[in-house]
Amino acid sequence: MGTVIMRIALLLFWFLLAGAGSARAQEVRPVGLVKSASGEASVLREGRRIAALPGLALERGDLLATGASGTLGVILRDDTVLSLGPNSQTRIERFAFDPARGEFGLVLRVARGVIDYLSGSISRLAPGSVRIETPVATLGIRGTHLLARIEP
Amino acid sequence: MKGAGCRQLPAAWCWCLCWLFFLLLLSGCAAQKSAQKSVIVLLPEDGKVSGAVTVVTAHGSKVLNQSWQSVEIFGARGAPSDPVVLQEKAVQEAFAPVLAAMPVPPVHYLLYFKLDSGELLPDSRLLLPEIAEVIRKRQPAQLSVVGHTDTVGSMEYNYRLGLKRAAAVCAELAVLGAAPASIETSSRGKADPQVPTPDQFPEPRNRRAEVTIR
């Protein structure tokens with residue numbers, strides 16, 4: 001009886017450990033990096049504003065924002081290349097790129113402004129899993145390069 | 001007769017008309033302000049379009065599948081216009097700042113290894129100085145190396161062999177003075193062969209590392 005309880009406890013312990021491990025791995029793994037920035041360019045993360053300097057690691061949920069004279073260029077971990085023009089806001093709403101588990105997906109939310117988007121591996125490996133959401137329209141993307149100016 | 005009638009209108013009526021005119025002007029401005037124009041343009045990659053964009057709004061959808069093809073949407077709840085092909089020069093002028101901010105796309109290399117080893121084949125070793133140079137020129141650069149193996153041996157063994165290969169590439173690049181801002185190594189073991197083979201099959205083209213410089 002004692003050994004059964006021990007085994008269950010051990011199993012639970014391992015589950016918790018594995019859960020914590022994977023959650024941590026997901027949290028810290030950057031989804032991309034800032035390659036270039038000019039003028040007012042920042043990243044809003046959990047209520048904090050971080051200056052978007054080249055080399056800054058990006059996380060899922062980050063809001064990329066530029067001011068009247070700002071631009072921002074980033075590369076995501078699946079080789080998606082993005083840039084923002086002045087007065088623009090784009091959030092990395094969803095980013096899943098795990099070839100080992102077959103998990104792919106990218107959702108960018110453009111609140112306003114200008115974006116240049118060049119698709120990467122997610123779009124190639126899982127066509128239909130990439131979307132750009134805006135207040136005026138949703139863009140379904142199949143492996144391509146586009147420009148959008150969104151003025152809601 | 002009419003002119004005389006107008007002149008005889010009571011002052012209160014004149015004020016009323018003035019206000020009405022003012023309100024009309026205001027609402028006109030508001031309507032114009034809410035009718036902002038959004039634009040979506042499809043660009044070629046290496047001279048041709050390789051995909052498509054479906055633009056979906058509450059009032060209809062349109063598909064873009066040609067170079068420089070574009071739709072416009074007026075206001076927050078407009079329907080997309082019929083697609084038109086724009087002049088390349090006009091697009092480049094209208095979107096100059098965002099186009100200038102676009103980073104150079106990532107660069108990829110495939111390096112091959114000796115059987116069951118983290119040692120590079122001579123031809124692949126010759127590419128290392130070029131890779132180190134690309135990293136130097138692209139600062140801040142992110143280096144990602146994914147190791148792969150052929151299907152000889154167990155999953156576990158090949159996973160470790162893949163990691164060994166990825167680490168070997170990073171070590172050799174460090175010796176050449178490459179200092180990327182961040183490095184990511186991983187292994188797919190025998191799970192993702194370049195050339196599909198049966199299990200336990202010695203295939204040189206699968207003994208490789210994929211190098212990406214972002």
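Tutor: Gladly! From the N terminus on, the elements of chain A run α-β-β-β-β-β-β-β-β-β-α-β-β-β. This is a predicted model, in which local features need pLDDT of at least 70 and side-chain atom pairs count only at pLDDT 80 or more, while totals for chains, interfaces and linings use all residues. Residues are numbered from 1 along each chain as its sequence is written, with chains lettered from A and ligands numbered from 1 in the order in which they are written.

Student: How many helices and strands does chain A have, and what makes a stretch count as one of them?

Tutor: Chain A has two helices and 12 strands. Both are DSSP runs numbered from the N terminus: a helix is H or I with at least four residues, and a strand is E with at least two.

Student: Why is Ile132(A) called buried?

Tutor: A residue is buried if 20 or more other C-beta atoms lie within 10 Å of its own, exposed if 12 or fewer, and partly exposed in between, with C-beta atoms placed from the backbone. Ile132(A) has 24 other C-beta atoms within 10 Å, so it is buried. This residue lies in strand 10 (residues 130–133) of chain A. Of the 152 residues of chain A, 44% count as buried.

Student: Which residues does Ile132(A) contact, leaving aside its neighbours within four places in sequence?

Tutor: They are Leu108(A), Val110(A), Tyr117(A), Leu139(A), Ile141(A) and Ala148(A). Two residues are in contact if their C-beta atoms, placed from the backbone, lie within 7 Å. In chain A, 49% of the contacts with a separation of 6 or more are between residues 24 or more positions apart.

Student: What makes strand 2 and strand 3 of chain A a pair?

Tutor: Two strands pair if DSSP finds at least two bridges between them. Strand 2 (residues 41–45) of chain A and strand 3 (residues 48–51) of chain A have four bridges, in the antiparallel sense. One bridge partner of Val43(A) is Ile50(A), in strand 3 of chain A. The hairpin of these strands has two residues between them, and Glu46(A) takes a positive phi near 50° there. Strand 2 of chain A is also joined to strand 5 (residues 63–66) of chain A by four bridges, again antiparallel, with Leu63(A) as the partner of Leu44(A).

Student: How do you know that strand 11 of chain A pairs with a strand of chain B?

Tutor: Five bridges join strand 11 of chain A to strand 2 (residues 52–57) of chain B, and the two run antiparallel. Leu139(A) has Val55(B) as its bridge partner.

Student: How many residues does each chain give to the contact?

Tutor: Chain A gives 39 residues and chain B gives 40. On the side of chain A that touches chain B, strand 12 of chain A gives the most, with six residues. By class, that side has 22 nonpolar, 11 polar and six charged residues. Here Ala, Val, Leu, Ile, Met, Phe, Trp, Tyr, Cys and Pro count as nonpolar, Asp, Glu, Lys and Arg as charged, and the others, Gly among them, as polar.

Student: What makes a group of residues a nonpolar core?

Tutor: It is a set of buried Ala, Val, Leu, Ile, Met, Phe, Trp, Tyr and Cys residues joined through C-beta atoms within 7 Å. The largest has 53 residues, and those with the most contacts inside it are Leu72(A), Val74(A) and Ile40(B). Strand 9 of chain A gives the most to this core, with eight residues. Another core, of 19 residues, lies apart from it and includes Tyr112(B), Phe113(B), Ala141(B) and Ile213(B).

Student: Which sheet of chain B has four strands, and why are two of them at the edges?

Tutor: The open sheet has the order 6-9-7-8 (chain B), with mixed pairing. Strand 6 (107–112) and strand 8 (182–189) of chain B each have a single partner strand, so one side of each is left without a neighbour in the sheet. Strand 6 of chain B pairs with strand 9 (residues 208–213) of chain B over six bridges in the antiparallel sense, and Leu111(B) has Ala209(B) as its partner there.
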